Amino acid sequence: MRIERIELYHINMPLVAPFQTSRWIETERAVPLVAVYSEGLVGWGECVASNGPWYSYETDETAWLILSRYLIPMVLGQDITDPSQPSRLTARVRGHNMAKAGLEMAIWDLLAQAQGVSLSHLLGGERDRVDVGVSVGIQPSLAATLATIRGYLDAGYRRIKIKIKPGWDVEVVRAIRREFGDIRLQVDANSAYRLEDAVPAFQAMDDQGLLLIEQPLGEDDILDHAKLQPQLRTPLCLDESIHSLDHARWALETGACRVINIKAGRVGGLWVSRNIHDLCQAQGVPVWCGGMLETGIGRAANVALASLPNFRLPGDISASDRYYHEDLIDPPFQLNPDSTLTVPAGPGLGVRPVPTRLEKVTLRRAEFSHREP
Ligand code: NPQ
Ligand code: MG
């Protein structure tokens, strides 16, 4: 399929409540959306870069720049026939994985639509529903944390992840266990610890039956995680540290983790995500799908990705109303009673923005067309 025209939308969506991690707070979600046109079809992609360089160096503004100036010109006018092509066409750009992934998602949506198959099918997915959980931000108090978790359990979520930081960790986990017993529970530090603090902090939690401890150490670290993991029974899971298939291989070879969180945005797209999935599957290492507070567009891609067989732990892929009063898509994603989301069965992503809703949240728009040489 020849890529004829691309539109970028810079949107901003208010969150239902602020989301606080160990290191920053998100109150709204400003992201670039990508629409790719070919042969009368349109494919949609969401770029998950944050409003500020807190989770990674990418922001909505850097992604907009890199997409406009470099990535979009690399694919415009190209004839795309297989799903590894977007990654290869943009490989010359160093980093900026979220920008790459947003564009690639739109092209995969287009390719799947052209073949008349779902994105899940194109990826090699095998499930029609995926297990999901909810990620609970750091709350103002322990009582607020327990109340928030109770609300999500009542809503039907059967896996809880809490954000932790030094001083907000062991006691919170113990209190959750006292209140809710042996629910499926995991913690995410977003790299707030150093090795010397992490050893005592996580040894103190090692008897709490946690599913995993996510990214305790540096966002660019593998070596110290490899020193920490052997001192714990609980599996470590890397998130921020894994940006490529090589990073995943290094983490597994050094024993830095026993689980990997896959976010297509962080690793540069669905093609790399699937390769990391396959590597982990071959080595018996489970993966799960992370979340970046996506709108329905990015959420649909996450659900499709999580339908692959080695996604063996519940994803951070909550229903739309966990984050937004009104999603871009209609109907929004809703939680099934068994704590799953249904994988869209329609062609491509199986969802698209409602034009009037997109218009309401759009800050600016840009259009790129291929000029015949
Ligand atoms: C994580 N997500 O697993 C991330 C952190 C996170 C659901 O816990 C904008 C950009 C908002 C990046 C919110 C969850 C974000 C973001 C949260 C990353 O570490
Ligand atoms: Mg994380």
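A network of salt bridges links Arg 159, Lys 161, Lys 163, Asp 188, Glu 214 and Asp 316, a salt bridge being a side-chain nitrogen of Lys or Arg within 4 Å of a carboxyl oxygen of Asp or Glu. The structure is a predicted model, in which local features need pLDDT of at least 70, side-chain atom pairs count only at pLDDT 80 or more, and totals for chains, interfaces and linings use all residues. Residues are numbered from 1 along each chain as its sequence is written, chains are lettered from A and ligands numbered from 1 in the order in which they are written, and side-chain values use heavy atoms, with hydrogens and water left out. Over the whole structure, the search finds 22 salt bridges.

Glu 214 belongs to strand β8 (residues 213-214), while Asp 239 sits 25 residues away in the loop between β9 (236-238) and α9 (245-254). Helices (H or I, at least four residues) and strands (E, at least two) are DSSP runs, numbered from the N terminus. Glu 214 and Asp 239 are both buried, where buried means under 20% relative accessible area, exposed over 50%, and partly exposed in between (1.4 Å probe, protein chains only).

Helix α9 contains Asp 246. The side chain of Asp 246 forms a salt bridge with that of Arg 249 (3.1 Å, N to O); because the two are 3 residues apart in helix α9, about one helical turn separates them. Arg 249 forms a further salt bridge with Glu 253, with 3.3 Å between the closest N and O atoms, and this pair is 4 residues apart in the helix. Asp 246 is partly exposed at 38% relative accessibility, as is Arg 249 at 32%, whereas Glu 253 is exposed at 59%. Elsewhere, Glu 367 and Arg 365 meet in a salt bridge (3.3 Å, N to O); Glu 367 is partly exposed at 42% and Arg 365 at 45%.

Asp 109, in helix α3 (residues 97-115), is buried without a salt bridge, and Arg 352, the nearest side chain of opposite charge, is 6.5 Å away. Lys and Arg count as positive and Asp and Glu as negative; His and the chain ends are not counted. Beyond its neighbours within four places in sequence, Asp 109 has contacts (heavy atoms within 4.5 Å) with Val 42, Gly 43, Trp 44, Pro 347, Gly 348 and Leu 349.

Arg 194 occupies the loop between β7 (184-188) and α7 (195-203) and is exposed at 55% relative accessibility. The C-alpha atoms of Arg 194 and Pro 216 are 7.8 Å apart, with a sequence separation of 22 residues.
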